[in-house]
Amino acid sequence: MDRYHEMLMFEALSERPSLAAAARRLDVSGPTVVRAIARLEERLGVPLLLRSTRGVSLTEAGAGFMADCSRILRAIEDAEASAKGLHVQAQGNLTVLMPLLFSRYVMTSILTDYMSLYPEVKVFAQYHDRFPNMNEEGIDVAVLVGNLPSSSLIARQVGYVRSMVCSSPAYLATHGEPGVPEDLQNHRLVATHAYRDRVQWDFQHDGEVNHLKARTRISCATVQAAIDAAAYGAGITRCLSYPLYEYLNTGRLRRVLQPYELPALPVHVVYREGRKASMRVRSFVDHIVDGLREHPAMQPDVL
């Protein structure tokens, strides 16, 4: 039981790395939290926190232990809820990971609708364009773009996206439309990474992938900035299709070099527990799978 309470007090630092905030969250005294974490560090033989005059932060060992604590404590909550018959109700904390622009352009309305339907679920959303280690990071559900590595995770495909080259109608009217990828050498290219003076864009022709290297005219710190620059006539850019849907559908951008695009990339909703998943996970997965499969941005070829 002592170990459980020590883990509970350490996990209270997950929302905010502050001993005082953790104490307030658990409604205990500050010294109680300090003593519990000191006992943890003594028993484990490693420092979990870095302490300074500015506050505390997690060590590398502390970050790993935090993920394990979150996973274990969540499993305990689920076990108790199941024993009480609460497993049929969607409630508790849910940690979700998805790409940043995917959230803005595709997920916002779907997520809002879910939270209205299930007010007892508290969603913690993380935004990263990467494949996570869901078990180590304590992530319940992830929306992943691209071919999945083999794993024991449960995956449900919801659609696909493409890498598209596009520009504004005004730019194309002035500078001409590229007919083949090599024509891009003579155009103003907008990079989606800062300080990138060259880009390497891949294209497909007759089943073979070709790499085009070309100089950029503008390098943007974010994909969104590159899209906006292209929409205002700065040049030609390339990115995944889901943030482009509204721009293409309203005519602010136009898709070019479509015959040379790479094969579509699948989009999956991924989770861990399978049939044993808690109701909050199952309800969330079912809701967003239905919403994403109906979303037009998941069918880029209809543009």
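**Exercises on side-chain contacts**

The structure, a predicted model, holds seven salt bridges.

**Exercise 1.** Determine which parts of the chain are linked by the salt bridge between Glu-6 and Arg-43, and whether each residue is buried or partly exposed.

*Solution.*
1. The closest N and O atoms of Glu-6 and Arg-43 are 2.7 Å apart; the cut-off for a salt bridge is 4 Å.
2. Glu-6 belongs to helix H1 (residues 2–11) and Arg-43 to helix H3 (residues 30–44), so distant parts of the chain, 37 residues apart, are linked.
3. Glu-6 has a relative accessible area of 4% and is buried, whereas Arg-43, at 37%, is partly exposed.
4. Arg-39 also takes part: a network of salt bridges links Glu-6, Arg-39 and Arg-43.

**Exercise 2.** Locate the partners of the salt bridge between Glu-41 and Arg-51 and classify their accessibility.

*Solution.*
1. In this pair, the closest N and O atoms of Glu-41 and Arg-51 lie 3.2 Å apart.
2. Glu-41 is in helix H3 and Arg-51 is in strand E1 (residues 49–52), so the pair ties together parts ten residues apart in sequence.
3. Glu-41 counts as buried at 14% relative accessibility, while Arg-51, with a relative accessible area of 49%, is partly exposed.

**Exercise 3.** Repeat the analysis for the salt bridge between Arg-254 and Glu-177.

*Solution.*
1. The closest N and O atoms of Arg-254 and Glu-177 are 2.4 Å apart.
2. Arg-254 lies in strand E13 (residues 254–256), and Glu-177 in the loop between helix H7 (169–175) and strand E8 (189–191); the pair links distant parts of the chain, 77 residues apart.
3. Arg-254 counts as partly exposed at 36% relative accessibility, and Glu-177 counts as partly exposed at 44%.

**Exercise 4.** Explain why the ring pair of Phe-102 and Tyr-242 is edge-to-face, and state which parts of the chain the pair ties together.

*Solution.*
1. A search of the whole structure finds four aromatic pairs.
2. The ring centres of Phe-102 and Tyr-242 are 5.1 Å apart and the planes stand at 75 degrees, so the pair is edge-to-face; the cut-off for this class is over 60 degrees.
3. Phe-102 is in helix H5 (residues 100–117) and Tyr-242 in the loop between strand E12 (236–240) and helix H9 (245–249), so parts 140 residues apart in sequence are tied together.
4. Phe-102, at 0% relative accessibility, counts as buried, and Tyr-242 counts as buried at 7%.

**Exercise 5.** Identify the ring over whose face Arg-238 lies, and the ring over whose face Arg-252 lies.

*Solution.*
1. Arg-238 lies over the face of Phe-203, 5.6 Å from the ring centre.
2. Arg-252 lies over the face of Tyr-232, 5.9 Å from the ring centre.

Technical notes. Residues are numbered from 1 along each chain as its sequence is written. This is a predicted model: local features need pLDDT of at least 70, side-chain atom pairs count only at pLDDT 80 or more; totals for chains, interfaces and linings use all residues. Side-chain values use heavy atoms; hydrogens and water are left out. Rings of Phe, Tyr and Trp (its six-membered ring) pair if their centres lie within 6.5 Å; planes under 30 degrees apart count as stacked, over 60 as edge-to-face and the rest as tilted. Helices (H or I, at least four residues) and strands (E, at least two) are DSSP runs, numbered from the N terminus. Buried means under 20% relative accessible area, exposed over 50%, partly exposed in between (1.4 Å probe, protein chains only). A charge sits over a ring if NZ of Lys or CZ of Arg is within 6 Å of the ring centre and within 35 degrees of the ring normal. A salt bridge is a side-chain nitrogen of Lys or Arg within 4 Å of a carboxyl oxygen of Asp or Glu.
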